[in-house]
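Hi everyone, thanks for making time today. Let me bring the sequence and the structure up on the screen, and then we can walk through a couple of places together.

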Amino acid sequence: MQLVRQNEKSIQKLAPRSRRSRRSRRRRGVRLLGASLAASALATGCAAGGDAGPVKPAPGQQARKGLQGAPARALDAYATKLRAQRAALVAASKRWGLADVPLTAPSPPAKKPVIEARKGFEVDGQKRLGLPPVFTTIPTKDKIVFLTIDDGAEKDPRFLKMMSELRIPYTAFLTDDEVRPNYDYFTRMQARGITLNNHTLTHPYLPALSYARQKHEICGMQDVIEKKYGHRPTLFRPPFGDYNRDTLRAAKVCGIEYAPIWNAEAFVDRMDYREWDRSIHPGDILLTHFRGREDWKGTMPDMIRNLMKYLTDRGYAVARLEDYL
């Protein structure tokens, strides 16, 4: 590689030109800076007192500020909505005579629990035939229960209003003999987000009937609900909680996927239990009925008031059964 050397003469000869170059570069820098400042002044409208008014941020700055503000506004709106819902729930609780606001159930799991027949509640061929499982409890560790209401005899408009204002979910199992006098009552119930399910046409003791008659009771009620309410249920509850293999075979043919019964029952003045410890447990299905003063020492709102006190005192919330199936 060639080694480049500079002798003293060459350095002296180059030095003046280097100094001239540096001075030239400085002059060009001053001119460029002046031009830049002038352009900046023109772009901002000479804001030092001219007619252009206050300096506006560049479009990019405005866009960034807007992106930051929109999520904050959305969060504020959501928080305001939650506060309003809470205030309405507190007011409704007082209006309906509840000492405490009902607890709110957690969000249902993203992955639904596996539902199987409760041990001892299976029939011959349960799994082999893929029959709807009979169960009393949903597998969960959360302190939640599921409220279900049977038949449809009592049609108290105050009950609909109470449950809607308190935001308490429940699942209805309907018998045609009971709902026929006023189908519209249950249309209003459905409009409030309640699922209407199958509890047979006439509420018979199913194990005493032939397979054909059981199928008529179950499929016939499927037809009624589809005609009156626009859907064919996938949930069926046998009257009295009694069934046999033919019951579940007929239910499957009619489009039923689940046959939930219950682990505790609520009355207006007491609770009854299936378990020996006489208590409720996480995931229990609770039963009550559409009943009034003709059958109870009170009304359906009275029953709900007492039930919610019982649950809230024990730290339980009511969840929606369909969200877990």
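Let's start with a question: is strand 2, residues 144-151, largely enclosed by the rest of the structure or left open? Keep in mind as you look that this is a predicted model. Here, buried means under 20% relative accessible area. By that cut-off, 8 of the 8 residues of strand 2 are buried, so the strand is largely enclosed by the rest of the structure.

Now, which strands pair with strand 2? Strand 8, residues 285-289, runs parallel to strand 2 and is joined to it by 5 bridges; in that pairing, Asp 150 has His 289 as its bridge partner. Strand 3, residues 171-174, is also parallel to strand 2, with 4 bridges between them, and there you can find Asp 151 opposite Leu 174. Then there is strand 9, residues 317-319, parallel to strand 2 and linked by 3 bridges. Ile 144 is partnered with Ala 317 in strand 9.

If you follow the chain, strand 2, helix 3 (residues 157-166) and strand 3 form a right-handed β-α-β unit.

Let's move on to helix 5, residues 183-191. Its buried residues include Tyr 183, Tyr 185, Phe 186 and Met 189. Looking down the axis of helix 5, the buried residues fall within an arc of 155 degrees, so they line one face of the helix. What do they pack against? Their partners are helix 3, strand 3, helix 4, strand 4 and helix 6.

One last stop: just after helix 5, Gly 193 has a positive phi of about 95 degrees.

Note on methods. Residues numbered from 1 in each chain as written. Predicted model: local features only at pLDDT ≥ 70, side-chain atom pairs only at ≥ 80, totals over all residues. Heavy atoms only, no water. Buried < 20%, exposed > 50% of the residue type's maximum accessible area, 1.4 Å probe, protein only. Helix = DSSP H or I, 4+ residues; strand = E, 2+ residues; numbered from the N terminus. Pairing = 2+ DSSP bridges. Right-handed = clockwise from strand over helix to strand, strands pointing away. Arc of directions from axis to C-beta. Contact = heavy atoms within 4.5 Å.
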